[in-house]
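Please look over the sequence and the model before reading on.

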Amino acid sequence: MIKSAAFRLCCTLLLLLSFSLKAEDSRIVVSVDGVDDATADTLLMGLTIERHKDSERLSQRYVEKLHQGSFDELRTMLTVYGYYSPTIQGELTQKENGWQASYQIKTGEAVIIDLVDVQIQGEAQTDTEFQSLLKSFPLVAGQQLNHQEYENAKKSVLRLAASRGYFDGELTRSEVQVYPDKKSATVYLYYDSGIRYHFDSVQYPDTVVGDRLLTKLQPIKAGDAYSDSKVLSFRNNLSNSGYFDVVSVRTMREERADGKVPLQITLVEKPKHLYTAGLGYGTDTGARLALGWENRYINDRGHRLQTDA
């Protein structure tokens, strides 16, 4: 019985060891060369063979399939950087503990932007912030095409529009035309902002702080042109007033109408009474206990009463 148990244990250990070796054998080491390190890292992360390199279900057939698919994946990813005619060489080598997949890239000549056509229509056309954006637009003729930079430039237009109250705006043309044979590209970006919304009258929730004091804290008034920066300033003023534990100022875009957009204001007051205690020391008095009490809400005008002992 002892011999039988030992034999079974030995078989179990050998089986586990074989599984371990099989898992180790399924590992793939992938490398990309011929481009700068940052680009190589990005390309590497986009390869399916890299994402599956530690899978325990890899077979030789599947590894070879992943390797062949890597060429198309690399060509597609390189177009993001403006390289539409790269030369890619690759090698898949099986080693004792797995596979080595290597890819050598020659990017070839990059596509260059020969025209950037950006047009702003609607009320934003005369907005000084949009005029500044156009003067420093990140895409210019003569620049190497980079589709990610194009997407970022497009988002910069949309972000600025949203922050300035153009809530009905839309891109009417957003297109990159690429001519690989000519190594050139044309960028078109047309934006119609529509109207710019203005602040509606501000309505406060019921609190022990009166509307008169709250109104002094607001940097906006009904009819002002909408601006995210004014909403942020408003929120900071309420938060820094010392009266509230929770402050929320939310733009209710879904309720905009007739060129006006309301704000939803949520305020949670701090406790009425604040008690403090601390230790102090004086050369004449030595150590002493310092006590404090503050009534934050004597009236709705924000007056406070504070005593120390």
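The model is predicted, so local features need pLDDT of at least 70 and side-chain atom pairs count only at pLDDT 80 or more, while totals for chains, interfaces and linings use all residues. Residues are numbered from 1 along each chain as its sequence is written, and side-chain values use heavy atoms, with hydrogens and water left out.

**The chain**

Helices (DSSP runs of H or I, at least four residues) and strands (runs of E, at least two) are numbered from the N terminus. Buried means under 20% relative accessible area, exposed over 50% and partly exposed in between, with a 1.4 Å probe and protein chains only. Contact means heavy atoms within 4.5 Å.

| Property of the chain | Value |
|---|---|
| Helices and strands | eight helices and 13 strands |
| Buried residues | 36% of the 309 residues |
| Contacts with a separation of 6 or more that join residues 24 or more positions apart | 59% |

**Helix 4**

Helix 4 holds 21 residues, 60-80. Just after the helix, glycine 82 has a positive phi of about 95°.

**The cores**

A nonpolar core is a set of buried Ala, Val, Leu, Ile, Met, Phe, Trp, Tyr and Cys residues joined through side-chain atoms within 4.5 Å. The largest has 24 residues, and Leu43, Leu47 and Tyr103 have the most contacts inside it. Strand 1, helix 2, helix 4 and strand 3 each give two or more residues to this core, with the largest share, six residues, coming from helix 4. Another core, of 22 residues, lies apart from it and includes Val247, Val261, Leu263 and Ile265.

**Threonine 251**

Threonine 251 is in strand 8 (residues 244-251). Threonine 251 counts as buried because its relative accessibility is 16%. Its side chain makes a polar contact of 2.8 Å with that of tyrosine 226; such a contact is a pair of N or O atoms within 3.5 Å, where within protein one must be able to donate a hydrogen and the other to accept it, and residues adjacent in sequence count only if both atoms are side-chain atoms. Leaving aside neighbours within four places in sequence, the contacts of threonine 251 include Phe167, Val261 and Leu263.

Technical notes:
The expected span of a helix is 1.5 Å times one less than its number of residues.
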